[in-house]
There are 4 protein chains.
Amino acid sequence: MSSIWGNKLKVSIFGESHGEAIGVVIDNLIPGIEIDTDYINRQMARRSPGKSQLSTSRTESDSFKILSGNFNNITTGAPLCAVIYNEDKKSKDYSNLRDTMRPGHSDYPAFIKYKGFNDYRGGGHFSGRITAPLLFAGALAMSILEKYKGIYIASHISSIYNVEDDKILLADCDDESLNYLKDMEFPVLSEKKGEHMRAEILKAKGNKDSVGGTVETVITGISAGYGEPFFDSVESRLSHMIFSIPAVKGIEFGAGFDITKMYGSSSNDTYLLRDEKISAKTNNNGGILGGITNGMPIVFRTAIKPTASISQAQETVNIVSMKNTTLQVEGRHDPCIVPRALPVIEGAAALVLLDLIMERDGVTLNNEK
Amino acid sequence: MSSIWGNKLKVSIFGESHGEAIGVVIDNLIPGIEIDTDYINRQMARRSPGKSQLSTSRTESDSFKILSGNFNNITTGAPLCAVIYNEDKKSKDYSNLRDTMRPGHSDYPAFIKYKGFNDYRGGGHFSGRITAPLLFAGALAMSILEKYKGIYIASHISSIYNVEDDKILLADCDDESLNYLKDMEFPVLSEKKGEHMRAEILKAKGNKDSVGGTVETVITGISAGYGEPFFDSVESRLSHMIFSIPAVKGIEFGAGFDITKMYGSSSNDTYLLRDEKISAKTNNNGGILGGITNGMPIVFRTAIKPTASISQAQETVNIVSMKNTTLQVEGRHDPCIVPRALPVIEGAAALVLLDLIMERDGVTLNNEK
Amino acid sequence: MSSIWGNKLKVSIFGESHGEAIGVVIDNLIPGIEIDTDYINRQMARRSPGKSQLSTSRTESDSFKILSGNFNNITTGAPLCAVIYNEDKKSKDYSNLRDTMRPGHSDYPAFIKYKGFNDYRGGGHFSGRITAPLLFAGALAMSILEKYKGIYIASHISSIYNVEDDKILLADCDDESLNYLKDMEFPVLSEKKGEHMRAEILKAKGNKDSVGGTVETVITGISAGYGEPFFDSVESRLSHMIFSIPAVKGIEFGAGFDITKMYGSSSNDTYLLRDEKISAKTNNNGGILGGITNGMPIVFRTAIKPTASISQAQETVNIVSMKNTTLQVEGRHDPCIVPRALPVIEGAAALVLLDLIMERDGVTLNNEK
Amino acid sequence: MSSIWGNKLKVSIFGESHGEAIGVVIDNLIPGIEIDTDYINRQMARRSPGKSQLSTSRTESDSFKILSGNFNNITTGAPLCAVIYNEDKKSKDYSNLRDTMRPGHSDYPAFIKYKGFNDYRGGGHFSGRITAPLLFAGALAMSILEKYKGIYIASHISSIYNVEDDKILLADCDDESLNYLKDMEFPVLSEKKGEHMRAEILKAKGNKDSVGGTVETVITGISAGYGEPFFDSVESRLSHMIFSIPAVKGIEFGAGFDITKMYGSSSNDTYLLRDEKISAKTNNNGGILGGITNGMPIVFRTAIKPTASISQAQETVNIVSMKNTTLQVEGRHDPCIVPRALPVIEGAAALVLLDLIMERDGVTLNNEK
């Protein structure tokens with residue numbers, strides 16, 4: 001599949017960091033949906049660089065142009081293509097990278113896979129910039145889930161380096177209760193922990209270094225019965241998508257790796273009736289049992305590695321001369337990619353949810369919550 | 001997709017815990033492969049129950065019968081169907097479970113998804129028993145990878161409850177060097193830690209409880225250039241498959257969640273020439289960069305939750321009478337599923353690798369390493 | 001894909017003419033459907049050989065055994081596997097065919113594709129016998145369409161050799177009005193033409209030869225709006241499936257090839273209101289416009305070539321000795337495959353229709369007509 | 001799937017007749033291919049309107065712009081997106097068509113499927129104009145097949161209305177021997193028959209009417225062993241694609257419908273050794289047996305209906321007022337779409353062939369003929 005995703009809803013992304021344009025085609029969209037441009041722009045702005053000293057100073061213009069699939073700003077059901085034309089491209093920055101493989105980047109495996117024909121400028125098609133069209137599609141899906149299905153997706157930065165944010169309590173996961181995180185420039189539960197995290201990022205930046213972190217995502221309002229046993233479990237579908245985002249190295253659902261240190265008598269989420277509805281007292285399984293949603297919030301955490309591009313000198317190999325060499329990556333880098341990855345994770349999850357819903361319920365808006 | 005998996009190599013599993021038979025259809029197999037029945041039986045025996053006091057006493061007959069796709073024990077290229085007929089099924093054990101939802105199991109979401117028509121006996125199609133045909137396919141794939149591609153997959157139990165095994169060193173990951181783990185009944189690096197782990201399992205069993213753990217898997221011999229950017233990254237493909245295995249709640253590659261606590265200057269795996277081949281000094285990225293293999297061993301850890309079936313009384317709901325109730329699950333349970341899940345993880349990973357290879361190199365055995 | 005088919009509903013067929021068993025796995029079936037065994041058996045009996053002197057004397061036992069996916073004869077939603085064990089296999093008949101390529105058969109291309117590893121006995125996986133499990137799936141789909149969606153599929157033998165049956169009039173295509181054809185051993189509109197057709201078949205048989213023919217299929221009760229523009233047009237989906245049936249060499253919809261000899265002013269199916277519903281006066285487009293159903297009956301004709309197996313001596317090549325040779329195919333052959341192919345075509349079309357409906361309307365029985 | 005096609009090579013088309021742009025994304029292209037812009041332009045010019053009095057006077061600008069996937073005019077292996085911006089759009093011509101359903105067009109089923117939200121201007125996404133990006137992809141595939149695989153695709157207009165061209169003889173189907181047809185404005189074997197065909201088209205045009213016809217396509221140079229039994233037979237794959245082209249109502253392979261009027265002793269293509277290679281004396285099966293290529297040229301004929309848009313008054317229904325009405329379609333129409341459809345058929349077939357080859361041989365150029 002490579003750059004096409006989806007069972008029923010299909011998303012096809014294209015473009016390179018320094019090519020003509022990057023973009024996305026979304027196929028099988030439900031017709032009759034008003035495209036909430038403001039909503040999409042807000043989500044995309046969260047990913048945009050150059051907002052603060054925490055991110056790269058490259059000012060990418062992420063304004064998209066819709067080429068097809070809408071009519072009077074309403075989806076037609078035909079494939080919707082949106083493109084973002086590349087403007088601020090400084091290709092010269094990358095000319096020395098043609099032969100010298102950046103550690104931690106895709107350069108070397110891409111060189112092998114594409115036999116040297118890949119566009120090496122700024123990582124080419126592997127660039128994190130390609131998450132912009134993915135986010136466009138994701139934000140559109142997210143706006144549909146909110147408006148038509150009562151499903152909300154919210155995330156906080158759960159850790160940066162060794163600083164951890166507070167835990168989200170199950171009691172705080174009702175419908176829109178976490179939506180305020182979307183309005184925060186640096187979305188955390190504890191402002192104090194957030195300050196510590198920012199300090200760690202700036203410290204790394206000062207050292208010409210970078211740091212990673214984790215993002216915790218909560219999806220509320222999804223009812224029981226979505227997903228499949230085995231090969232299309234909700235965990236399978238979500239993890240497949242989340243690992244599509246560059247720099248992700250781990251994912252866990254519910255209690256995740258910590259569940260391995262529990263006893264079954266504690267980890268089992270026992271049921272009880274609440275307001276004549278079946279509910280679970282705990283959510284160690286993160287809203288998914290046997291691969292299928294159980295009506296509890298879906299909770300997952302994503303591990304994001306430190307930005308691979310750093311301005312320090314690093315040992316590597318020149319693949320043409322086949323000699324050991326030292327590389328100092330020039331250009332503008334994010335000291336920490338976590339805050340910008342967060343809305344991409346949300347959008348990516350929204351695409352998975354919408355696809356799961358369309359697979360079970362069909363191509364219709366009638367199945368409102 | 002649900003119970004069918006694969007891009008080029010296709011695997012379709014079917015069956016229920018207490019139905020007539022469970023089985024698998026493998027499509028697009030390369031023709032001309034001698035089916036190594038001994039190899040497959042050895043791997044399947046590692047998953048079989050009733051071997052020791054660490055696992056359930058149910059003695060499942062996992063002997064498979066191949067119905068198609070082979071001729072004189074050599075693959076023909078036509079779909080290969082293998083079935084395991086169910087024999088030792090005690091359906092009565094499960095009759096009280098029709099209406100009472102077991103905590104930690106798929107019962108409730110399955111009831112909603114299938115509108116009450118699912119086979120509830122022993123979890124039906126959601127039973128861990130369905131991993132037997134998956135393992136059949138996986139073991140076949142694993143034998144092909146070893147014989148024709150020089151790719152070896154090995155795993156150890158990296159933790160049970162709060163007891164952790166020693167770490168695998170990168171220096172120990174050469175080709176077949178970890179193959180000895182396949183011959184161990186309880187595969188660990190440190191026999192002493194292994195003893196502690198066994199003690200924890202028996203302790204949980206004594207308490208009518210269960211425990212979870214983690215499995216670490218290493219894949220050696222895979223060369224650089226397999227996988228895709230974005231939606232079919234190797235991490236995406238592997239995680240999708242691994243989360244298909246019941247009870248898995250987390251996966252991480254390379255340094256995984258710990259990489260989020262590193263600086264970029266440490267986490268980047270710098271390159272150097274070794275024997276005129278490009279190699280990396282470290283393997284924090286677990287053999288995958290930009291979604292593509294970089295020639296280093298693929299390393300991942302899988303989090304497995306405590307067995308959901310325990311013999312203690314648990315609170316739950318009767319979904320027909322819609323009343324709170326208490327449930328004590330009868331029958332034979334594994335106090336810890338980790339040792340039996342381990343060969344399934346290996347086989348599942350083998351299927352992903354073989355599919356990745358066939359997608360790039362085609363349906364041929366000519367691309368031997 | 002090869003032996004797996006479907007977008008939402010998935011069908012995986014397996015088996016060889018002289019192997020252990022042939023069978024089918026049907027995935028994503030809607031749960032809660034009573035399996036109408038009588039209906040399925042009736043349709044399968046129409047395909048069974050040995051019924052009359054018009055077909056082969058091989059008495060295949062086509063009695064199927066369901067291994068999974070049903071519980072108390074009701075679909076569970078889990079994959080349904082049905083197998084037919086091979087019994088009356090005379091492998092000796094085919095031993096001389098290992099090296100000598102039968103003209104008109106798959107022998108030669110299969111030998112090349114599978115590098116000689118294919119099961120050559122009776123055509124192996126290429127045998128028309130594999131249409132039995134396909135028909136099982138198709139008959140199940142057909143019974144669902146009839147019972148839950150009010151959709152009926154009926155066919156007549158529209159020609160054998162140069163003898164043509166009467167034309168079906170649009171006025172005769174209401175709901176179940178053509179259902180009587182299913183009860184005929186040799187389904188034709190004109191009994192007289194039918195007699196001529198039978199005579200042609202017996203004449204060919206007497207000459208140790210074979211004849212072909214066409215089948216016309218009408219699908220009533222499908223409402224407007226199913227299908228997709230371009231790559232998943234209803235014609236694309238149906239033709240893809242129908243060409244999966246061995247011996248099919250052509251398909252046409254509505255007026256088909258004859259529409260090329262009409263003027264647009266005649267071929268356009270003009271609309272009019274009838275009982276406050278939109279209808280077309282003619283059906284030259286066979287119920288499909290722009291790839292989407294328009295509410296008129298779907299009509300298509302399938303061209304089936306003469307049985308490739310004939311008892312006359314034929315020139316061919318021995319692929320091992322690489323010498324020209326002469327071959328006389330022994331064994332029991334159908335002088336004409338058309339009557340036995342007819343129910344397979346109906347079932348195959350039913351699978352396509354059910355898949356199209358599930359893709360748009362989801363996995364539910366609530367969208368009854 | 002709808003607007004995405006392909007197993008290994010993936011093609012995603014988008015756009016509407018009167019939207020911003022139409023385009024295509026091609027995924028999984030082999031890296032390192034020089035994009036032969038001249039070749040592509042030549043093929044696209046054959047489809048362009050306004051060339052002669054035989055086609056519509058709308059002068060579409062079909063000049064494409066490549067947005068991604070190439071670097072220095074060589075494919076990188078990343079998704080290649082090409083767009084054609086719409087320029088000469090006269091939306092006013094179509095304003096009266098919002099509510100009045102054009103007979104023979106997709107208007108009515110599209111209205112139902114998309115619940116009235118489809119872009120009705122010029123047929124929107126259903127417009128024949130969307131075949132331009134499909135042809136871009138197809139011409140690129142065709143240039144790859146020629147240059148790297150020695151596979152040639154050529155077509156002639158085999159009939160217009162009731163005028164038939166001469167037959168292509170098997171002896172004339174060697175490699176590039178039919179390539180001259182690509183340089184003809186009206187590609188036929190017999191110039192005289194071609195004159196009669198043109199006269200029929202102009203006669204229909206004079207009568208404000210339209211005519212249809214057939215196209216015969218020959219593919220040479222494809223070796224034996226490509227394709228699959230059953231669901232991915234070469235006939236299935238080709239017919240699926242060809243029926244994606246608007247106005248196609250039938251397809252037949254080899255002798256096609258005429259094979260139903262032959263005896264098996266004639267229709268079987270007997271083998272003989274020629275230059276130590278296996279060949280068939282005849283080609284009634286059109287190069288495909290058991291769904292797999294047999295090394296003979298692939299031959300198929302496509303039936304194309306008369307242009308649905310005619311300037312005569314036609315009876316139809318106003319779907320909003322739900323009243324019978326009369327419609328006279330204004331605007332610029334082709335009296336016969338066959339000559340412009342021909343290169344689209346060739347390109348579409350090229351995509352299928354390239355996909356079949358990549359599925360078997362992998363993503364490589366090393367398997368040159």
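Reader: Which residues in α5(A) meet which residues in α5(B)?

Author: This is a predicted model, and in it the axes of helix α5 (residues 234–242) of chain A and helix α5 (residues 234–242) of chain B come within 8 Å. The residues of this contact divide into no nonpolar, six polar and no charged. On the side of α5(A) they are S236(A), S239(A) and H240(A), and they meet, in α5(B), S236(B), S239(B) and H240(B).

Reader: Are α5(A) and α5(B) roughly parallel or roughly antiparallel to each other?

Author: The axes of α5(A) and α5(B) cross at roughly 170°. Since angles over 145 degrees count as roughly antiparallel, the two helices α5(A) and α5(B) are therefore roughly antiparallel.

Reader: Which kind of axis relates the two copies, chain A and chain B?

Author: Chain B can be laid on chain A with an RMSD of 0.0 Å, by a turn of 180° and a shift of 0.0 Å along the axis. The two copies are therefore related as by a two-fold rotation axis.

Reader: How many residues does the contact take from chain B and from chain A?

Author: The same surface serves both copies, in that 100% of the contact residues of chain B recur in chain A. The side of chain B that touches chain A divides into 40 nonpolar, 37 polar and 11 charged residues. In total, the contact takes 88 residues from chain B and, from chain A, 88 residues.

Reader: Which residue in β11(B) does G250(A) stand opposite?

Author: Strand β11 (residues 248–253) of chain A and strand β11 (residues 248–253) of chain B run antiparallel and are joined by three bridges. Within β11(B), the residue opposite G250(A) is E252(B).

Reader: How many residues does the contact between chain A and chain C take from each?

Author: The side of chain A that touches chain C has, by class, one nonpolar, one polar and two charged residues. From chain C the contact likewise takes four residues, and the number from chain A is four.

Reader: Which strands of the open sheet in chain B stand at the edges?

Author: The open sheet has five strands with antiparallel pairing, in the order β1-β2-β3-β7-β4 (chain B). Each edge strand has a single partner strand, so one side of each is left without a neighbour in the sheet, and these strands are β1 (4–5) and β4 (65–66) of chain B.

Reader: Which residue in β7(B) does K65(B) stand opposite?

Author: β4(B) pairs in the antiparallel sense with strand β7 (residues 80–85) of chain B, over two bridges. In this pairing, the residue of β7(B) that stands opposite K65(B) is V83(B).

Reader: What residue in β3(C) does S12(C) stand opposite?

Author: In β2(C), S12(C) is the bridge partner of I4(C), where strand β1 (residues 4–5) of chain C pairs with β2(C) in the antiparallel sense over two bridges. Strand β3 (residues 21–27) of chain C also runs antiparallel to β2(C), joined to it by six bridges. In β3(C), the residue opposite S12(C) is V25(C).

How values were computed
Residues numbered from 1 in each chain as written. Chains lettered and ligands numbered in written order. Predicted model: local features only at pLDDT ≥ 70, side-chain atom pairs only at ≥ 80, totals over all residues. Least-squares fit on C-alpha atoms with pLDDT ≥ 70 in both. Contact = placed C-beta atoms within 7 Å. Nonpolar A, V, L, I, M, F, W, Y, C, P; charged D, E, K, R; others polar. Axes fitted to C-alpha atoms, helices over the stretch in contact; angles between N-to-C directions. Helix = DSSP H or I, 4+ residues; strand = E, 2+ residues; numbered from the N terminus. Parallel < 35°, antiparallel > 145°, perpendicular 65-115°, else oblique. Pairing = 2+ DSSP bridges.
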